[in-house]
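Thanks for asking me to look this one over.

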Amino acid sequence: MTAKEWVLLRLVLILVTFQHIHCGSVSYDGKSLIINGQRRILVSGSIHYPRSTPEMWEDLIEKAKDGGLDAIDTYVFWNIHEPTPGNYDFEGRNDLVRFVKLIQNAGMFVHLRIGPFICGEWKFGGIPVWLKYVSGSTFRSNNEPFKRAMQGFVQKIVQMMKDENLFQSQGGPIILSQIENEYGLASKAYGAAGHDYMTWAATMAVNLNTGVPWVMCKEDDAPDPVINTCNGFYCDYFTPNKPYKPIMWTEAWSGWFEEFGSAIHHRPVEDLAFAVARFIQKGGSFVNYYMYHGGTNFGRTAGGPFLTTSYDYDAPIDEYGLTRQPKYDHLKEFHKAIKLSERALVNANQTVIQLGSYQEAHIFSSTSGGCAAFLSNFHLNSSATVTFNNMHYQLPPWSASILPDCKNAVFNTAMVGVKTSEVQMLPADMPTLSWETFTEDISNLDTDSKLTVNRLLEQLDVTRDSSDYLWYITSVEISSNGGQQPVLAVNSAGHALHVFINGKYSGSAHGTKEHPQFTFTARVSLQPGVNKISLLSVAIGLWNDGPHYETSKTGIVGPVGLHGLDNVGSLDLSTQKWSYQVGLQGEAMNLVSPTGTSSVHWVEGSLQVAQPQPLTWYKSYFNSPGGNEPLGLDMGSMVKGEVWINGQSIGRYWTITAAGDCEPCRYEGAYRSPKCQSGCGQPTQRWYHVPRSWLKPTGNVVVVFEEIGGDASRISFVKRTLA
Ligand code: GAL
């Protein structure tokens with residue numbers, strides 16, 4: 001061997017050793033995931049990168065780590081990354097690689113749920129709207145156009161991660177990936193094609209050779225080596241489809257999402273911790289809180305329809321990034337107790353002893369792992385004193401105690417020693433906003449229209465989601481001498497409608513999440529001669545789940561009729577000439593952006609501002625409020641629309657009153673989302689998160705578009721503070 005060859009060989013050897021030290025391995029057996037040869041009990045939490053800002057990520061991740069989490073889980077949001085076919089966006093809030101690297105820097109693991117169907121209360125379940133219009137494509141089923149696009153995106157994401165060495169097999173933080181999402185629920189609706197698609201998706205994913213396991217949640221048929229996992233409020237009933245797969249809970253719902261018009265959901269931490277303890281005592285080894293930080297559906301990203309801009313979720317970290325007590329700290333204590341028990345849990349199979357009619361002990365004992373025990377009391381009302389290993393333990397109702405050494409109870413799920421945080425929305429220290437207004441001119445909508453047909457068109461087919469708004473305009477001639485007041489009936493598939501007769505606002509109607517379709521019926525004033533009927537149909541978030549959800553309809557599907565007309569009685573307008581206009585004038589002129597704002601004449605003055613006026617834009621300049629508390633915008637005086645700060649949308653707003661059952665809440669007993677609600681009779685969402693990083697010290701602009709009419713003079717910034 002020459003000297004040169006010798007050096008080369010040494011170099012290769014060094015490289016191989018380096019690889020060996022730095023590359024991890026992830027495998028599994030019936031007990032748990034095995035990371036670098038170690039069985040692990042892992043606690044994870046969902047934080048979705050586009051639901052906060054890059055400036056918030058580090059702090060959220062730090063808080064998650066401090067809360068005792070080992071891993072962070074996120075979906076990958078296809079429709080923000082590929083807004084048009086082949087054009088990708090991974091900047092700013094979409095910077096997935098940066099998010100994953102920040103988690104890595106914090107020394108945590110990542111579960112990357114690529115989907116790319118993700119549900120997630122996210123617009124169209126994460127799938128781009130354009131894919132609906134690719135010929136022959138049926139979402140989530142066995143057809144080439146859909147599969148080709150899906151595979152392209154999944155491959156792209158996996159390659160991006162590989163290029164940055166982000167899989168654990170390359171030394172990175174990603175220990176797990178998910179393909180599809182809860183397909184088992186949908187598959188029946190797709191028949192044999194559904195099963196074929198699911199099998200294809202699993203095989204396609206596995207063939208990408210990430211070196212880490214793939215999971216499919218709520219998919220009982222997940223083929224080997226893919227692990228099927230559980231989602232729900234409780235998962236202690238769950239076993240995977242093979243004994244050699246670990247018991248994993250990919251979504252332990254920490255609360256629930258909100259819909260406009262309904263009260264706010266809370267899941268008591270006593271019950272959440274009990275649910276997780278029950279799962280672990282049955283042999284579960286991976287738990288992910290969905291959500292650990294819910295965040296905000298900025299812009300028009302909320303799914304639904306009818307889901308709120310806030311995605312707070314009653315999570316341990318609130319929408320604004322503050323820890324929610326007692327949830328956060330109680331879970332933190334819980335995680336410490338789990339960690340103390342980890343060696344015992346992963347080394348032994350449980351032995352169950354009945355301690356009473358409702359009480360049991362789950363014991364994990366082995367020579368290699370020591371002994372840990374969980375003592376639980378399932379009774380809904382009574383606490384119990386149980387005897388275990390000759391010692392007495394007091395168990396509150398609906399609770400479990402953890403004994404990491406089989407002797408000392410270090411934690412009980414129902415004994416909460418943490419104070420509840422009192423959140424206040426205090427006025428931000430800044431002058432009252434002074435507003436300028438611009439009202440949409442709707443007089444020439446029909447003559448300006450580029451699309452006129454003799455029928456009613458489905459809304460998404462026309463807008464392709466370029467706007468929430470679509471105008472449907474027609475006219476009707478009244479030949480009598482005097483005016484008439486017939487009833488206008490408009491049948492809409494969803495989601496809201498504002499009616500204008502001869503340019504004058506004449507009422508609104510809307511559906512609900514459960515019943516998006518509705519009929520507007522009201523008497524309208526028609527004059528002799530030609531009357532213009534302009535109907536503004538409004539989408540409030542696109543469907544994100546359900547079989548064939550992409551075929552759900554939005555907009556005015558008809559019939560549209562006038563009833564009680566003199567002489568003729570009823571008139572069906574559905575098949576007469578309709579002109580269409582996508583979006584608002586203000587949107588077309590980009591009024592929200594610092595460059596577009598000067599394209600119209602804004603009217604100054606306070607009088608107009610307090611006057612409720614439909615279809616009105618409001619603009620105000622302001623300096624950033626001092627301090628570093630998270631900021632919100634109090635929209636309590638307005639009705640419905642959207643808000644932008646320095647050109648970025650903080651989301652749709654709607655102050656519709658929340659209905660629900662706000663009876664006092666007991667943590668005991670099985671949790672379902674109608675339990676433990678608050679805010680009945682209040683607006684579902686009054687405050688809207690304004691990320692601090694979107695503000696400059698001076699010269700910021702806030703733009704509001706109001707559909708119906710509110711009092712903009714009372715819009716104000718607030719600081720979210722903990723008392
Ligand atoms: C699950 C779904 C999640 C989310 C959750 C409710 O079924 O997988 O994406 O939609 O429900 O918040």
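**Notes on pockets and salt bridges**

1. Strand E20 makes the greatest contribution to the lining of the largest pocket, with three residues. Strands here are DSSP runs of E with at least two residues, helices are runs of H or I with at least four, and both are numbered from the N terminus. Please keep in mind that this is a predicted model, where local features need pLDDT of at least 70, side-chain atom pairs count only at pLDDT 80 or more, and totals for chains, interfaces and linings use all residues. Residues are numbered from 1 along each chain as its sequence is written, and side-chain values use heavy atoms, leaving out hydrogens and water.

2. The volume of the largest pocket is about 1000 Å³. Its lining counts 36 residues, and those closest to the centre are Ile264, His266, Arg324, Ser678 and Arg720. (A pocket is an open set of points on a 1 Å grid over the protein atoms alone, where a 1.4 Å probe fits, with protein on both sides within 12 Å along at least five of seven lines; lining residues have an atom within 4 Å of a point. A volume is the space filled by probe spheres set on the points, which are joined across faces, edges and corners.)

3. Besides E20 (423-427), the elements that each supply at least two lining residues to the largest pocket include strand E11 (264-265), helix H7 (269-281) and strand E40 (716-722).

4. The second largest pocket has a volume of about 600 Å³. Among its 25 lining residues, Asn79, Ile80, Pro83, Lys123 and Thr301 are the closest to the centre. Helix H3 (78-81) and strand E36 (648-654) each give two or more residues to this lining.

5. How many salt bridges does the structure hold? There are 33, counting a side-chain nitrogen of Lys or Arg within 4 Å of a carboxyl oxygen of Asp or Glu. One of them pairs Arg140 with Glu180, with the closest N and O atoms 2.8 Å apart. These partners sit 40 residues apart, in two loops. Arg140 is buried at 2% relative accessible area, where buried means under 20% (1.4 Å probe, protein chains only).

6. Asp468 is worth a look. Its salt bridge with Arg300 is 2.9 Å, N to O, and this pair spans 168 residues. Asp468 also bridges to Arg652 at 2.7 Å between the closest N and O atoms. Arg652 lies in strand E36 and Asp468 in a loop, so this pair ties together parts 184 residues apart in sequence. Shared partners join Lys123, Arg300, Asp465, Asp468 and Arg652 into one network of salt bridges.

Terms used
Buried < 20%, exposed > 50% of the residue type's maximum accessible area, 1.4 Å probe, protein only.
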